[in-house]
Amino acid sequence: MAHPDMVPLLVVEDVAATRRFYVDDLGCTPVIEQGDYLQVRFGDDPDTRELAFMAPDGPDGPMGGEPTFTGGLVVSVAVDDADKHHAVLADRGVRAPEATDKPWGWRSFVLRDPNGVVLDFFHAIAEDAAQDATS
């Protein structure tokens, strides 16, 4: 089985709530589910875009019973069309602000997972549209 080059691991308080959000709400694919450990994939490419979550008191927990994620993380996830992706998530009951154009050349929307991780779903836009976003 292929593995991505890097999989960020967040030690979080509630792996079950995290699973519900990523798998049930967002439609991510669970790659590994082993009790207090969850690894999910965004999209279909087995070599990219995975996140992992572990309970602090799991058998292999690296932090001795304390969650280590305290916020401040933004995970940007490329999608084919941010507006269409927003609509798909809205149909699943996920609430997020509408996508907007960013001056760095993205059209994106953000939402926060149960742990405080900010997910920024984006697609690239033309340079002139990005410039219009700063006006």
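Reader: How many aromatic pairs does a search of the whole structure find?
Author: This is a predicted model, where local features need pLDDT of at least 70, side-chain atom pairs count only at pLDDT 80 or more, and totals for chains, interfaces and linings use all residues. Residues are numbered from 1 along each chain as its sequence is written, and side-chain values use heavy atoms, with hydrogens and water left out. Rings of Phe, Tyr and Trp (its six-membered ring) pair if their centres lie within 6.5 Å; planes under 30 degrees apart count as stacked, over 60 as edge-to-face and the rest as tilted. Searching the whole structure that way, the number of aromatic pairs comes to seven.

Reader: What kind of pair do Phe 21 and Tyr 22 form?
Author: Their ring centres sit 5.1 Å apart. The planes make an angle of 85°, and the pair is edge-to-face.

Reader: And why is the pair of Phe 109 and Phe 121 put in its class?
Author: The ring centres are 5.3 Å apart. The planes of Phe 109 and Phe 121 are at 25°, so this pair is stacked.

Reader: Which strands does that pair tie together?
Author: Helices (H or I, at least four residues) and strands (E, at least two) are DSSP runs, numbered from the N terminus. Phe 109 and Phe 121 tie together parts that are 12 residues apart in sequence. Phe 109 is in residues 106-112 and Phe 121 in residues 118-124, so the strands are E7 and E8.

Reader: Is Phe 109 buried or exposed?
Author: Buried means under 20% relative accessible area, exposed over 50%, and partly exposed in between (1.4 Å probe, protein chains only). Phe 109 has a relative accessible area of 2%, so Phe 109 is buried.

Reader: Now for charges: how many salt bridges does the structure hold?
Author: A salt bridge is a side-chain nitrogen of Lys or Arg within 4 Å of a carboxyl oxygen of Asp or Glu. Counted like that, the structure's total is five.

Reader: Which residue meets Glu 33 in a salt bridge?
Author: The two side chains come to 2.4 Å, N to O, and the partner of Glu 33 is Arg 19. This pair links distant parts of the chain, 14 residues apart: Glu 33 is in strand E2, and helix H1 (residues 15-25) holds Arg 19.

Reader: Where does the salt bridge partner of Arg 107 lie?
Author: Arg 107 pairs with Asp 83, with the closest N and O atoms 2.7 Å apart. Arg 107 is in strand E7, so the pair ties together parts 24 residues apart in sequence, and Asp 83 lies in helix H2 (residues 82-91).
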